[in-house]
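The sequence and the structure are shown first.

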Amino acid sequence: MTTSPHGRDVVVPAEPTLIDFVDPATVGGLSIRTMTEGNSSSAPRYAHINYPELPSAPPLNRALRAQAQRQLQDFRKRTPGGVYPRPELNVGWQLAAASAQAIGVRLRTGEFLSASWGNSTQTLWYDPRKDKAVGSTGLLAGQDALRRLAVLVKERLKGRGEQIERNAVTAGEEQFDSMAFNRGGDLVVEFDDCQLGPCSLGRLAVAVPAEEAAPLLSDLGRRAQESVRGATGPGVRDDESGLPSYVSASPQDASASSPPAVSSRAGTVDCAEAKCVALTFDDGPGPFTGRLLSLLREAQARATFFTVGSSAAAQPELLRRMSSEGHLVGNHSWVHRDLSKQASSKIADSLGRTEDTIAAAIGQAPTLVRPPYGAVSGGLRDIARQHGFSLVTWDVDTGDEQGAKAADIANRAVREAHPGAIILMHDTYQETVDAVPDILKRLRGKGYSFVTVPELYGSAGMQAGRLYRSGSEPSRKQPLT
């Protein structure tokens, strides 16, 4: 415990460079936008970008969207087709602050280009008083303050080892593009992998004590510092997957005490007799999920939602609605990284955290996992078998990635549907949700019933560690490995 200049006791993290992120579930009106590509087996690359949208900060929303578009376009230019393993871009986010004084969004980017991941961070800030979005150097009172900060950072890098290139620190915005505050008010400066030394160093950050940082701050910086100083809650554990520890605020191992997830209306349709299809929606919840649920409810149709854990943690009320309205909630990993590239420990952590987050929200533990991009490895199968997960991909791809039109999505779904089909869609796209009424009407006109994935397999059920692509009769007779 230390005492702040205002006489308050402040709990300072044991590691001062740990940033105390805000639990997004406590921020009213927050939704999540997604850009993705790569679900097709012929895709040249994988990309998944998430960023928050806050109704109180339109300039910040525009800045985040522009940044996401730049990153995706740049990644496309640098990654030609025909490369194996596929290059991958993954961008997640956390809230460094969220108050009437300041809002900070930290973007954490991972890139896989050849044999390993490289990580970088960028933190954008929103000034409510000026209704303006700025980069991290907007926390500082001009170029002189940035130069002084560079000197302080160099001093604090002394003793970190000869591998760190202290002289590479320059007073430029490109190096100081990710800054935030810990709950002690210290200014935390983060550097990208490989920026100041060998990539093997991993995360490199410096905490400038609050009293040294204070003279360097702009008005926004002072307000941001004050809004974070003394905040309660855990520090972040920032590992390769970017898994924020605020999820630990949920009941620990909630899945261990929860029954397996099932649809509350399971058993009302016999797919051995009826023509059944399973509509599945990936990557949510997002800004269009609520409307989609209303459309499904009006049509009395059920679906399976494979949710991304970090998005589920931000919007648990949408998961509760899915469950209460008869849908099934499945596991789509924590941040949508290709699990086939991950070590077993990372796979287990990603799926386990998502499982616990879903269980804490709905009181049921998901037993279905949809691997991001449909990519499966022996290691993933082993982890699924050990933890009781069945793996589910699809045999009908509607091609609804960003840019597809509602009519094309609907036409493809209806044209390729067949008894037992598992149909891939995404509730993160407005065009997809716009297509759903047409899909429901036309398929119902052909005599189809809409069920959750396990109902396709009837009394035979689904086994842990096995891969399911379709509930059609021919697929049931083939080995599902």
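## Basis of the description

Contact is taken to mean heavy atoms within 4.5 Å. Helices (H or I, at least four residues) and strands (E, at least two) are DSSP runs, numbered from the N terminus. Axes are lines fitted to C-alpha atoms, for helices over the stretch in contact, and angles run from 0 to 180 degrees between N-to-C directions.

The model is predicted: local features need pLDDT of at least 70, side-chain atom pairs count only at pLDDT 80 or more, and totals for chains, interfaces and linings use all residues. Residues are numbered from 1 along each chain as its sequence is written, and side-chain values use heavy atoms, with hydrogens and water left out.

An open sheet of mixed pairing is built from six strands in the order 3-4-5-6-7-8; two strands pair if DSSP finds at least two bridges between them. Strand 3 (31-37) and strand 8 (132-134) are the edges, and each has a single partner strand, so one side of each is left without a neighbour in the sheet. On average, neighbouring strands of this sheet are turned by 20 degrees against each other, direction ignored.

Seven bridges link strand 3 to strand 4 (residues 46-53) in the antiparallel sense, and Thr 36 stands opposite His 48 in strand 4. Helix 1 (residues 58-78) packs on the sheet and touches strand 3, strand 4, strand 5 (88-98), strand 6 (103-112), strand 7 (117-127) and strand 8. The direction of helix 1 makes about 170 degrees with that of strand 4. Helix 4 (residues 219-228) lies across strand 5, strand 7 and strand 8, and runs at about 105 degrees to strand 7.

## Strand 7 and Asp 127

Strand 6 and strand 7 pair in the antiparallel sense over ten bridges, and a hairpin of four residues joins them. Ser 120 in strand 7 is the bridge partner of Thr 109. On to strand 8, strand 7 runs antiparallel with three bridges, including the one between Trp 125 and Val 134. The hairpin between strand 7 and strand 8 also has four residues, and Asp 131 in the turn has a positive phi of about 50 degrees.

Eight of the eleven residues of strand 7 are buried, where buried means under 20% relative accessible area, exposed over 50% and partly exposed in between (1.4 Å probe, protein chains only). Asp 127 is found in strand 7 and is buried, with a relative accessible area of 5%. Apart from neighbours within four places in sequence, Asp 127 is in contact with Lys 132, Leu 220 and Arg 223.

## Helix 7 against helix 8

Helix 7 (residues 316-324) packs on helix 8 (residues 344-362) at an angle of about 70 degrees, with the axes 8 Å apart. The two helices are therefore roughly perpendicular to each other; angles under 35 degrees count as roughly parallel, over 145 as roughly antiparallel, 65 to 115 as roughly perpendicular and the rest as oblique. Pro 316, Leu 319, Arg 320 and Ser 323 in helix 7 meet Ile 358, Ala 361 and Ile 362 in helix 8.

## Strand 13

All five residues of strand 13 (residues 303-307) are buried, so this strand is largely enclosed by the rest of the structure. Ala 303, Phe 305 and Thr 307 point one way, and Thr 304 and Phe 306 the other way. In a regular strand the side chains alternate between the two faces of the sheet. Strand 12 (residues 275-282) runs parallel to strand 13 and is joined to it by four bridges; Phe 281 stands opposite Phe 305.
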